[in-house]
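User: I would like a close look at one part of this model, namely its salt bridges and what surrounds them. Please keep the account plain.

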Amino acid sequence: MSERNLVSWTAMVTGFSQNLHNLVDMYSKCGLMINAYKVFQEMEGKDEVLWTALIDGYAKNALKVVNFGKCLHSVVVKKGFELEISVGNALTDMYSKVGDMDSASNVSGIDSGCRNIVSCSSLIDGYVEMDQMEEAFSVFVELRRRGIESNEFTFSSLIKACASEAALELGLQLHAQVIKFSFDGNPFFSSVLVDMYGKCGLLDDSIWVFDEIENATEIAWNSMLSVFAQHGLGKDAIEIFNRVKNGVEPNEVTFVSLLRGCSHSGLVEEGLSFFNAMEKTYGVVPREEHYSCVIDLLGRAGQLKEAEELINKMPFEPNAFGWCSFLGACKIYGDKERCKLAAEKLIQLEPENSGAPVLLSNIYAKEQQWEDVRTLRKMMQDGNVKKLPGYSWVDVGNKTHIFGVEDRSHPQKKAIYEKLDALSDQIKKAGYAPCTDSFPLDMDVSMKEKMLQHHSERIAIAFALISMPSGKPIIVKKNLRVCMNCHSAIKYISKVVRRKILVRDNSRFHHFSDGLCSCGDFWLRF
């Protein structure tokens, strides 16, 4: 320009300013927070847009820079930007992402203007990630009370919480809200619903939602594949994988679900074939979780030698899941030497985990080596290692009822235990015979049988039978793996009461109906 006037100079300065703002934003989004902060320091007249860009960058990289993020917050307060809505939203998001929910809630509550859909969605997502479902829904209720419309991020986080907790009734209500707000056509939403219905035990509904998706994304395919794996439907998982690879590139998550599905269905050859093809055919390098799935696959099939060979030639040590799978398989197949090896490794990895000594104790109990059982129990006491108590819960109406072993705290305990006694008589007449060989206590057989009868999942089922309409399926959730005796007993219960019973343990779903289980009793090998 030959002549530069006030307008041209202003445009030039504005351009430089905007570019510097964009530079801070670009470095933040790339995770280069040192570079972003250097540019930030060099700028004069820092406004709320610039502060927001920097804080948002720290939020996205919060795990690495949480302490510096807090320092940044203190500077924001000194500069008087804390009440700016965009800055408040960014701070709430930053604290939520690192799980500091007290700070996140405090920031969003400083000014009523900061309690908007953006900050509340960040709060809800943070609570969900921290498994604080009640707090997440309390924020949602506050949104509704204040007349603030929820967005797709709000609903997706809440539905994810319902999937994690298998809270079907709440999930159904949220699905209705999703339809009301016309979010149901969004492929991401549909993927979350596929996952939710699958984890709540409604396999048919999960498949129906998936089939309604017009252009299924990678997330949707992986959600459906994961549902089939969790329900132990390995052949269906393979079928969906063959459809995936024709349109979407499989990734690490895809193969974890696929290998789990093969493992739970005893599809050893198929599972090994997929594992060997991961890097060669699909360019996906196997990670710890993939190797652990193959250890589980071989162990369940009784191929302990092959599993040990894989462990020895792995490029890294197996994780806790890998050793735990190997330990469980060695227990089922009676290989005490390998069992001791796996238990020692697992104790080294997770000394606070009671799983290894408890499994080893069960093996000694089966061999009636009571002195070894007592030694293990003393070791646990000395190390302050406590056995994780088993709990089962069932939703009746709008309330979740939780039961422990020998639990007599429920107001309807008399009716529950009467039902348990009646069920025990019925299933014994139908052919059920309890196995007490591996019971880890040296006591009378009849006492052992009585204690098995009062396991948490059986109490939950008895309560459901006296509380729910006769035609409604019973869905029980359990924090541990369902034991062999209860698995056998529930098969008989489903037959004598003519009810479908679904049990979701910490490994998979079991669909019991007419005396059979969907796992085909292959589960009993682990």
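Predicted model: local features only at pLDDT ≥ 70, side-chain atom pairs only at ≥ 80, totals over all residues.

Is Lys472 buried, partly exposed or exposed, and what is its relative accessible area?

Analyst: Lys472 has a relative accessible area of 39%, and because buried means under 20% and exposed over 50%, Lys472 counts as partly exposed. Its side chain meets that of Glu169 in a salt bridge, at 3.9 Å from N to O. Distant parts of the chain are linked by this pair: Glu169 belongs to helix H10 (residues 168-180), Lys472 to the loop between H25 and strand E3 (474-478), and 303 residues separate them. Glu169 is partly exposed too, at 31% relative accessibility.

A second salt bridge joins Glu457 and Lys478, whose closest N and O atoms are 3.1 Å apart. Since Glu457 lies in helix H25 and Lys478 in strand E3, the pair ties together parts that are 21 residues apart in sequence. Both Glu457 and Lys478 are buried.

His455 lies in the loop between helix H24 (445-453) and helix H25 (456-467). With a relative accessibility of 18%, His455 counts as buried, because the cut-off for that class is under 20%. Apart from neighbours within four places in sequence, His455 is in contact with Val405, Cys483 and Cys486.

Elsewhere in the chain, Lys160 and Asp125 form a salt bridge, with 3.7 Å between the closest N and O atoms. Lys160 lies in helix H9 (residues 152-165) and Asp125 in helix H7 (residues 117-129), so this pair ties together parts that are 35 residues apart in sequence. Lys160 is partly exposed, at 34% relative accessible area, and Asp125 is also partly exposed, at 28%. Lys160 and Asp125 belong to a network of salt bridges that also links Glu129. In general, side chains of opposite charge can pair when their charged atoms come close. The structure holds 13 salt bridges, among them Glu169 with Lys472, Glu457 with Lys478 and Lys160 with Asp125.

Within H14 (residues 234-244), the residues Gly234, Ala237, Ile238, Ile240, Phe241 and Val244 are buried. They lie on the same side of H14, because the arc they cover around the axis is only 165°. These buried residues pack against helix H12 (203-211), helix H13 (218-230), helix H15 (252-265) and helix H16 (268-282).

Key
Residues numbered from 1 in each chain as written. Heavy atoms only, no water. Helix = DSSP H or I, 4+ residues; strand = E, 2+ residues; numbered from the N terminus. Buried < 20%, exposed > 50% of the residue type's maximum accessible area, 1.4 Å probe, protein only. Contact = heavy atoms within 4.5 Å. Arc of directions from axis to C-beta. Salt bridge = Lys/Arg side-chain N within 4 Å of Asp/Glu carboxyl O.
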